[in-house]
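Please look at the structure shown below and keep it in view while reading. How do the terms used for a protein model follow from its values?

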Amino acid sequence: MTDRSSMKGVRMEYRPLGGTGTVVSTLCLGTMTFGNESDQHTSHAQLDRFVEHGGNFVDTADVYSRGTSEEIIGRWLAARPALRDQMVIATKGRFPIGGGPNDHGLTRTHLSRALDASLGRLGMETIDLYQAHAWDPITPLEETLRFFDDAVRAGKIRYIGVSNFIGWQLQKAAVLADLGGLAPIVTLQPQYNLLARDIEFELVDVCRNEDIGILPWSPLAGGWLTGKYRRDHVPTGSSRLGDNPERGMEAYQRRNARERTWRIIDTVREVAEGRSATMSQVALGWLADRPAVTSVILGARTLDQLDDNLAAAGLHLSERETALLDQVSAPEVADYPYGPPGVQQRSRPL
């Protein structure tokens with residue numbers, strides 16, 4: 001638990017949203033728990049606390065609690081109309097809520113319905129950042145990008161982002177948008193944390209070259225980087241994903257068995273103890289300062305968890321601390337085309 005009196009000196013920082021002129025807080029409030037683990041009262045309290053500490057960026061999706069997360073945010077905004085112009089609200093479309101044959105994917109048919117439904121639940125005329133939640137292997141990418149561009153021109157969307165794309169998919173989307181004179185992709189939302197740095201093989205380079213801001217999800221690796229898990233000790237009780245400890249824990253056995261996991265956790269703990277911070281704050285601070293990162297998406301079930309995360313605002317690790325964490329968490333490279341070290345085939349970002 002973080003003593004709120006210790007947060008008085010915490011100062012939120014802001015960065016441009018990718019290559020745009022719109023600025024967002026370097027910490028973003030993720031709302032996957034809203035309507036499920038967090039009821040409306042708790043969710044609104046989290047939103048209020050987030051804004052109190054300078055946060056202005058909120059991320060949701062139409063599938064979070066089957067639309068309830070968006071509805072909770074919409075009711076919060078309706079009760080605080082003066083905040084609407086201060087906030088940057090992001091949501092996503094791609095996955096089905098209903099069971100119809102066209103109720104999924106990145107098609108014009110599905111996205112037009114999904115976007116209108118999200119606008120209605122949020123009570124907004126324009127969504128600040130609308131994101132493709134994942135790649136669609138069936139729908140032509142041009143169809144998706146032209147729908148996004150049409151929605152921007154119609155005033156339903158301000159900016160476009162994608163989530164969970166891999167390197168060639170993101171690069172293709174960026175090139176097609178540029179060549180077609182379409183609204184550009186301004187953000188990528190990937191999994192990224194000290195335990196999962198594989199996006200550095202290609203995606204970070206694409207983002208730096210194309211001026212795309214990175215919005216990492218799972219910055220604490222599902223709780224691993226908080227220090228809550230112990231070696232060979234299967235967790236019990238509730239987590240950010242609910243009362244069932246197995247939910248969201250598919251990687252437990254694999255991570256537990258890897259010595260790399262525990263070296264990283266031990267180093268995060270060492271750095272945290274050296275600067276009188278929590279492990280969560282150190283992990284968040286490291287991530288917020290990675291190349292091309294715009295804002296780190298926080299996920300919390302309780303106000304205490306949110307307070308602890310918000311205390312990472314403005315935290316910048318020293319060169320020595322960063323180097324320790326960089327070294328111990330370096331992505332493992334098997335061989336060609338990314339390794340061995342010294343002969344990697346990666347190009348240097350422009």
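The questions and answers that follow take up some of these terms in turn.

This is a predicted model, in which local features need pLDDT of at least 70 and side-chain atom pairs count only at pLDDT 80 or more, while totals for chains, interfaces and linings use all residues. Residues are numbered from 1 along each chain as its sequence is written, and side-chain values use heavy atoms, with hydrogens and water left out.

Q: Why is Gln46 called buried?
A: Buried means under 20% relative accessible area, exposed over 50%, and partly exposed in between, with a 1.4 Å probe and protein chains only. Gln46 has 0% relative accessibility, and therefore it counts as buried. Its place is in helix 1, residues 40-52, where a helix is a DSSP run of H or I with at least four residues, a strand is a run of E with at least two, and both are numbered from the N terminus.

Q: What makes the approach of the Gln46 side chain to the backbone oxygen of Arg301 a polar contact?
A: A polar contact is a pair of N or O atoms within 3.5 Å; within protein, one must be able to donate a hydrogen and the other to accept it, and residues adjacent in sequence count only if both atoms are side-chain atoms. The side chain of Gln46 reaches that oxygen at 3.4 Å, so the pair is within the cut-off of 3.5 Å.

Q: Why does Thr20 count as buried, and what does its side chain reach?
A: Thr20 has 14% relative accessibility, and for this reason it counts as buried. Thr20 lies in the loop between strand 1 (14-16) and strand 2 (23-25), and its side chain reaches the backbone oxygen of Leu17 at 2.9 Å and the backbone nitrogen of Thr22 at 3.1 Å.

Q: How do you know that strand 5 and strand 6 pair?
A: Two strands pair if DSSP finds at least two bridges between them. Four bridges join strand 5 (residues 88-93) to strand 6 (residues 127-132), so these parallel strands meet the rule. Ala90 stands opposite Leu129 in strand 6.

Q: Why do strand 9 and strand 10 stand at the edges of the sheet?
A: The open sheet has eight strands in the order 9-8-7-6-5-4-3-10, with parallel pairing. Strand 9 (213-214) and strand 10 (296-298) each have a single partner strand, so one side of each is left without a neighbour in the sheet.
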